[in-house]
Amino acid sequence: MRPPSIAALLLLSALALLAAPSRALAQRPRPQPQLPPPSITEYEPESTLVVPENFVERAKFPVVDFHGHPPTLADPETIAQVVAAMDRLNIQVMVQARGSSGERLRGQIEAVRAAGVEDRFVFFTTLDLRNVGPGSGARIAAQLEADVAAGAVGIGEINKGFGLGYTKADGTRLELDEPELDIVWETAGRLGVPVFLHTGDPAEFFEPLDYTNERWLELAIFPRRRFNDRTRYPSFDDLMAERDRLIAKHPNTTWVLAHMSWYTQDLGRLGELFERFPNVYGELGAVLYDLGRQPRFAKAFFERWRDRILFGKDSFQPDEYPYYWRVFETEDEYFDYYRDYHAFWKLYGMGLEDPELRAIYYENALRIIPHMPVEGFPGGE
Ligand SMILES: [Zn+2]
């Protein structure tokens, strides 16, 4: 092939400039501060914006928290405290997604029954996916059968160690689509219990930690959230592809992807996933910062996919739930998020309509979790 002519090269660079005006601007010298600039942690400008504020202490409809991490529900005091917080927030049912199986699971189910609040909690079982080797699948599936017989109505949360940390008995990384575990996911499908799966972390955690990384501050604070060493961890996209192969193998199993699969910064990608797999749902825990910075696009997404989105909160901090209600239910503008290292930007309300609120707050959960108590929900007795 002939090298391009000078004229062609000039034309190309002129086109590149037109296509990238911001880069052309960035080449101009930037005015520099005449005072010592503050550090990223020192600079806390106070907003001067005055706009209507609508704080929402109680959700508009009764809620199922699909991603509950209350303390272990073993004694009457703890249970009473959690229920009191749920009452204040209008959380009707909480899924106990904190790891428990066998004795620990049965103990909690009994304690909640003894406290007379068995209609306020449901329990998921946890699978031990460490050191998987020949025969592990059948053993784990048997444990799953036993826990479901004891009252568990789902699996999970399966944490990000699955994919990022767990190794097999032979020392290699346990891949998400490991064939030995097929029998486990098939058993979940047969028993009709959803699998609540947390895979990876935000995509930025897998990227180089430089000053263009949108989560620089969080990664600087928490070294254990850095997954950008490719000799130790797969890339974000490779991990998600592995997860997709797992889901593709088990079309009769219901998969609930924690944190909306960490795709909230690219909802189009999440829509493609929902399109491809009708047995996949997204759970809303800890991604509010992304939804609140794109309230209009996110609202349209929720209208399109309202049957596939479930409310969940993750860490149990009662004073943080009202931020969710405010983003979902109001059209408030430019307000703070509760954790500044997640998001240094402000949030906006999505102003969801009742059909979307009902769907994400409780309808979808009542549909996909078996044996859900219906008392306390609209239409329930
Ligand atoms: Zn969790």
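Student: How many helices and strands does the protein chain have?
Tutor: There are 14 helices and nine strands. Keep in mind that this is a predicted model.

Student: What share of the residues in the protein chain is buried?
Tutor: Buried residues account for 41% of the 381. As for contacts between residues at least 6 apart in sequence, 78% join residues at least 24 apart.

Student: In what order do the strands of the open sheet run?
Tutor: The order is 8-7-6-5-4-3-2-1-9, with nine strands and parallel pairing.

Student: Why are strand 8 and strand 9 called edge strands?
Tutor: Strand 8 (309–310) and strand 9 (314–315) each pair on one side only.

Student: How do you know that strand 4 pairs with strand 3?
Tutor: Count the bridges. Pairing needs at least two bridges between the strands. Strand 3 (residues 121–125) and strand 4 have two, in the parallel sense, and therefore qualify. Across this pair, Phe-124 stands opposite Gly-154 in strand 4.

Student: How many bridges join strand 4 to strand 5?
Tutor: Two bridges join them, and the strands run parallel. Here Ile-155 stands opposite Val-195 in strand 5.

Student: What makes strand 4 mostly covered?
Tutor: Five of its five residues are buried. Strand 4 (residues 154–158) also holds Glu-157. The peptide bond leading from Gly-156 to Glu-157 is cis, with omega near 5°.

Student: Which members of the largest nonpolar core touch the most other members?
Tutor: They are Val-64, Ile-155, Val-195, Phe-196, Val-256 and Leu-310, out of 94 residues. Helix 14 (residues 354–368) supplies the largest share of this core, with seven residues. Another core lies apart from it and has eight residues, including Phe-205, Phe-227, Tyr-233 and Phe-236.

Student: Which residues is Val-195 in contact with, leaving aside its neighbours within four places in sequence?
Tutor: Ile-155, Gly-156 and Ile-158 are among them.

Student: What makes the span of helix 9 agree with its length in residues?
Tutor: Helix 9 (residues 236–249) has 14 residues. At 1.5 Å a residue they should span 20 Å; the end C-alpha atoms are 20 Å apart, so the span agrees.

Student: How do you know that the buried residues of helix 9 line one face or several?
Tutor: Look down the axis. The buried residues are Phe-236, Leu-239, Met-240, Arg-243, Leu-246 and Ile-247. They fall within an arc of 110°, so they line one face of helix 9. On the other side, Asp-237, Arg-245 and Ala-248 are exposed. The cover over the buried residues of helix 9 includes helix 6 (161–164), strand 6 and strand 7.

Student: Which residues of helix 10 are buried?
Tutor: In helix 10 (residues 267–276) they are Leu-267, Leu-270, Leu-273 and Phe-274. Their arc is within 110° down the axis, so they too line one face of the helix. Gly-268, Glu-272, Glu-275 and Arg-276 are exposed on the other side. Strand 7 (280–283) and helix 12 (295–304) are among the elements covering the buried residues of helix 10.

Student: Is Ala-286 buried or exposed, and why?
Tutor: With 22 other C-beta atoms within 10 Å, Ala-286 passes the cut-off of 20 and is therefore buried. Ala-286 lies in the loop between strand 7 and helix 11 (288–291). Phi of Ala-286 is near 60°, a positive value in a residue other than glycine.

Notes. Residues are numbered from 1 along each chain as its sequence is written. This is a predicted model: local features need pLDDT of at least 70, side-chain atom pairs count only at pLDDT 80 or more; totals for chains, interfaces and linings use all residues. A nonpolar core is a set of buried Ala, Val, Leu, Ile, Met, Phe, Trp, Tyr and Cys residues joined through C-beta atoms within 7 Å. A residue is buried if 20 or more other C-beta atoms lie within 10 Å of its own, exposed if 12 or fewer, and partly exposed in between; C-beta atoms are placed from the backbone. Helices (H or I, at least four residues) and strands (E, at least two) are DSSP runs, numbered from the N terminus. Two residues are in contact if their C-beta atoms, placed from the backbone, lie within 7 Å. The arc is that of the directions from the helix axis to the C-beta atoms. The expected span of a helix is 1.5 Å times one less than its number of residues.
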